[in-house]
Number of protein chains: 2
Amino acid sequence: MNCYVYGYGKPEKERLIVVDIGVAFPDMDSTPGVDLILPDIAWLEERRDRIEAVFITHAHEDHIGAIAHTYGRLQAPIFARAFTANHAKRKMAENGHPADAVTVVEAWPDQVDAGPFKVGFLPISHSIPESSGLVIDSPAGRVLHSGDFKLDRTPLVGEAWDPELWGEVSKNGVKALICDSTNVFSPHAGRSEVTVGPEIEKLMHEANGMVVATTFASNVARVKTLAEAGERAGRSIVLLGRAMKRMVEASVESGVLTEFPPTVAPEDARSIPRENLLLLVTGSQGERRAASAQLARGKYMGLEMKKGDTFLFSSKTIPGNERGVIQIMNAFSEMGVDVVDDNSGHYHVSGHANRPDLEEMHSVVKPQILVPMHGEHRHLREHTKLAEAKGLQGVLAVNGMMIDLSGNAPKVVEYVETGRTYLDGSVQIGALDGVVRDRIRMALNGHVVVTLIIDEQDEPLGDPWCETMGLPETGSSNAPLVELMEADLSQFLGRADPKTMRDDEALEQALRRTVRKTAQDEIGKKPEVSVIISRLT
Amino acid sequence: MNCYVYGYGKPEKERLIVVDIGVAFPDMDSTPGVDLILPDIAWLEERRDRIEAVFITHAHEDHIGAIAHTYGRLQAPIFARAFTANHAKRKMAENGHPADAVTVVEAWPDQVDAGPFKVGFLPISHSIPESSGLVIDSPAGRVLHSGDFKLDRTPLVGEAWDPELWGEVSKNGVKALICDSTNVFSPHAGRSEVTVGPEIEKLMHEANGMVVATTFASNVARVKTLAEAGERAGRSIVLLGRAMKRMVEASVESGVLTEFPPTVAPEDARSIPRENLLLLVTGSQGERRAASAQLARGKYMGLEMKKGDTFLFSSKTIPGNERGVIQIMNAFSEMGVDVVDDNSGHYHVSGHANRPDLEEMHSVVKPQILVPMHGEHRHLREHTKLAEAKGLQGVLAVNGMMIDLSGNAPKVVEYVETGRTYLDGSVQIGALDGVVRDRIRMALNGHVVVTLIIDEQDEPLGDPWCETMGLPETGSSNAPLVELMEADLSQFLGRADPKTMRDDEALEQALRRTVRKTAQDEIGKKPEVSVIISRLT
């Protein structure tokens with residue numbers, strides 16, 4: 001989830017530009033039920049009148065995903081190159097915001113004036129078309145923001161890594177390079193996109209049945225590689241999954257994709273012999289609703305996998321998604337489908353610069369200061385060490401750290417409170433609001449609801465009763481858990497002093513304690529307890 | 001989670017032996033709040049009088065973990081070699097069962113008589129001491145059950161792979177080899193435990209500060225390798241974490257571990273310069289309560305990590321555990337600790353046989369039938385294909401499949417219903433009981449409790465009221481969600497016909513529908529709803 005802010009001006013009067021506003025994806029461990037994780041933009045919102053513009057480096061969700069969810073609160077104009085802007089405009093429209101808040105920008109040497117800043121989009125290769133670094137000029141000097149990148153001289157789709165261009169831009173001195181750190185632990189130089197085609201083609205030739213391949217839809221170069229390999233192997237190409245079709249369309253529309261092989265509609269594919277078919281599908285990360293998962297469960301758009309077919313993951317599983325991916329692999333295995341993943345290293349290359357590539361970037365730009373970004377703490381730390389070993393000034397900037405780059409050495413000047421906001425259904429909730437914490441507690445401990453009616457004389461009207469959810473019906477004594485709880489509650493109420501009976505809070509606490517003790521004795525765990533006391537008045 | 005059953009005799013009269021009764025570990029995605037996952041032993045329990053014995057191949061939790069939790073229902077005698085039996089007896093005692101239900105067995109050529117079976121423990125190398133294959137003889141012939149294994153000729157602790165011994169046992173013909181499949185996708189021959197020592201020693205020498213290393217405590221050979229490397233690098237050894245101390249003790253007791261370097265108590269370590277310390281700690285999988293995680297959060301037993309220290313994962317992260325491990329890595333990174341994992345391939349070797357090793361095993365045993373075990377479906381399938389390519393009869397046996405091995409070709413004769421039982425607190429619940437499903441639903445959707453009192457005339461007594469847990473307080477209209485729900489419920493009740501008011505079930509459904517609609521409109525999600533109707537009579 002990326003969101004960077006650059007400012008220029010006197011303290012607390014700086015004019016600001018924002019680079020990327022992305023999302024992160026929830027998981028059951030820490031964010032059950034949440035739909036999307038957004039950056040907490042409270043700090044930016046308070047300074048809304050000082051924001052000149054938002055710049056989006058590329059169309060990956062962790063960089064662009066939150067622009068429409070935050071636009072209502074920031075109202076700042078958005079700038080991006082054509083392919084990225086195509087996605088941005090769609091997101092804005094889908095969320096009821098004006099698509100024309102997004103302005104299409106040409107690549108460098110064009111520049112956008114944004115208050116004291118001039119910002120240019122400097123093409124660089126990555127696993128999505130038109131990814132760009134940003135050249136950020138201000139009276140304090142030039143800063144390069146790398147964006148996500150790899151050094152690919154033959155990327156197939158989109159612009160190649162152009163060291164001359166980056167060198168030219170850097171030749172009069174770069175104050176700071178803010179630089180992707182994702183693959184700093186990968187010791188060998190990255191491989192070009194062009195290396196995967198021949199291997200994939202070989203696999204498509206040798207496969208007997210239908211071939212189904214998945215990759216991130218936004219990796220348009222890979223989608224093209226897969227389609228062309230299929231075509232050469234005599235297969236008709238079918239695009240399956242909304243994102244896959246949309247991404248190819250958007251790429252053709254914005255001109256980044258040309259010469260894509262002809263495709264066949266799913267309904268027409270059924271009449272083609274399966275050994276002449278290649279399906280390109282969404283769901284490389286095992287997403288439950290994507291085409292790959294649907295095929296793993298049975299038919300999708302009238303197509304299904306059969307014994308002897310091949311399924312290719314032309315992708316890497318992002319840490320945290322292993323379970324979903326493995327589930328799909330085994331479902332296919334049960335159908336007799338051969339599953340091929342990138343275990344061999346043949347069918348996928350990373351979109352990020354490896355350690356030697358980072359060093360090459362440092363050498364080309366020769367910045368005064370290096371600020372690692374895009375990675376966990378351990379990646380930023382390693383990248384800082386790498387820079388310092390090369391004689392650069394490295395600074396390990398964590399979330400919320402405001403760094404003054406205007407002097408000779410970087411200086412931490414402030415820690416801004418940052419955090420996460422959850423999009424939960426249609427509502428945005430703070431990560432610390434306790435809503436998700438309560439869900440996790442119910443999931444771990446189960447939930448008991450105690451209801452008690454108290455009459456006008458502060459006496460229980462009838463017995464209290466319990467309702468459980470997510471708890472076993474019986475425990476060690478084999479009697480129904482609910483009945484045991486109710487009996488213990490009744491017993492407690494029979495002895496409770498009038499003062500407790502009049503005090504809702506004290507009574508609630510006592511009833512909760514009673515229920516938790518009964519549960520602990522019976523089932524060995526302490527549930528969450530909600531107590532509802534209603535007083536007849 | 002392993003549990004295998006062998007039977008001999010007339011159908012429905014077979015005498016049975018059980019091999020391994022292990023556990024699996026829960027996760028938040030599918031089993032929130034659960035403590036352990038056990039095999040569902042209903043089928044075995046119904047045939048308890050036909051079970052001759054339980055044999056445990058080795059002391060890994062996925063093979064031994066459920067013996068004490070199932071002993072009460074099976075009551076069958078348990079056999080294991082000394083080191084494994086040591087653990088088994090402790091588990092039995094901890095759960096209130098007689099430790100002497102566990103009998104210590106010597107290795108092959110000793111055999112245990114178990115009804116029509118004779119069973120011998122055939123030593124083999126693995127990542128825990130005294131791992132054994134089983135030689136299972138019956139009037140129908142000899143079957144070899146490999147257990148978990150690797151082909152390590154120099155395992156440091158425990159017995160080496162002895163192809164002569166396995167060949168000797170197999171020379172008169174083996175009906176079937178039931179064989180570990182875990183690493184069937186690893187194309188290169190496995191490396192010996194002996195190869196990791198020199199690399200680890202180099203790292204311990206070069207590290208400046210304290211070194212902390214983690215591995216599975218049960219990987220006693222690795223613990224010894226780490227300790228000896230530390231000792232050679234001039235470091236005092238501290239064992240941290242209950243399992244680490246217990247495993248070393250059990251290994252010394254049962255005689256599998258000799259010449260372990262002297263250790264220092266944590267409280268004495270504080271007076272030793274940190275560059276002379278090596279801590280061996282539990283928590284290689286990022287477990288929250290293990291020593292590694294505690295050190296990542298701060299002090300543990302008075303010891304803490306500091307800038308310049310080194311933390312070594314001499315282990316592989318099991319799929320599904322990535323998040324916990326990465327969290328620890330980043331916490332250490334924030335402290336300025338250098339984290340080293342097995343990315344380089346230098347500091348860990350697998351405990352399972354790789355593809356060429358499996359082929360070697362097939363060649364040594366030359367079984368008539370190969371039954372792959374221990375792996376996901378895709379592993380079993382690949383192993384079956386591997387066997388068949390070599391001219392063996394392979395049979396892909398999934399959970400619950402009963403296979404007749406007595407004929408010339410394996411024959412599937414029955415599908416036994418199998419499943420999972422959850423240990424939840426102190427209670428065992430069925431995986432399909434709905435308890436965990438309800439917890440997951442509450443975690444995803446939140447929980448609303450509606451309470452309504454109805455008087456003797458079937459009229460609402462006062463207004464219904466709502467209590468929410470795991471839901472935001474306000475939604476699109478900015479009014480409190482609870483109040484909106486209550487208003488909509490009151491409105492519904494004002495219009496409800498007398499028939500509905502008399503019918504608890506119909507009323508409940510109507511109230512639930514009302515609340516879910518209000519929530520959908522306000523917050524864009526439909527919560528779980530419990531309705532509690534109390535009638536004054």
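**Where chain B meets chain A**

Chain B and chain A each bring 60 residues to their contact, where contact means heavy atoms within 4.5 Å. This is a predicted model, in which local features need pLDDT of at least 70, side-chain atom pairs count only at pLDDT 80 or more, and totals for chains, interfaces and linings use all residues. Residues are numbered from 1 along each chain as its sequence is written, chains are lettered from A and ligands numbered from 1 in the order in which they are written, and side-chain values use heavy atoms, with hydrogens and water left out.

The two chains bury about 5,400 Å² between them, with 60% from carbon and sulfur atoms; buried area is the accessible area (1.4 Å probe) that two parts lose on being put together, summed over both. On the chain B side, Met28(B), Arg323(B) and Met469(B) lose the most area to chain A, together 13% of what that side buries.

What about charges? The interface of chain B and chain A holds 10 salt bridges (a side-chain nitrogen of Lys or Arg within 4 Å of a carboxyl oxygen of Asp or Glu). Arg323(A) pairs in this way with Asp27(B), their closest N and O atoms lying 3.5 Å apart. The side of chain B that touches chain A has 25 nonpolar, 18 polar and 17 charged residues; here Ala, Val, Leu, Ile, Met, Phe, Trp, Tyr, Cys and Pro count as nonpolar, Asp, Glu, Lys and Arg as charged, and the others, Gly among them, as polar.

Now to the pocket. The lining of the second largest pocket has 8 nonpolar, 7 polar and 6 charged residues.
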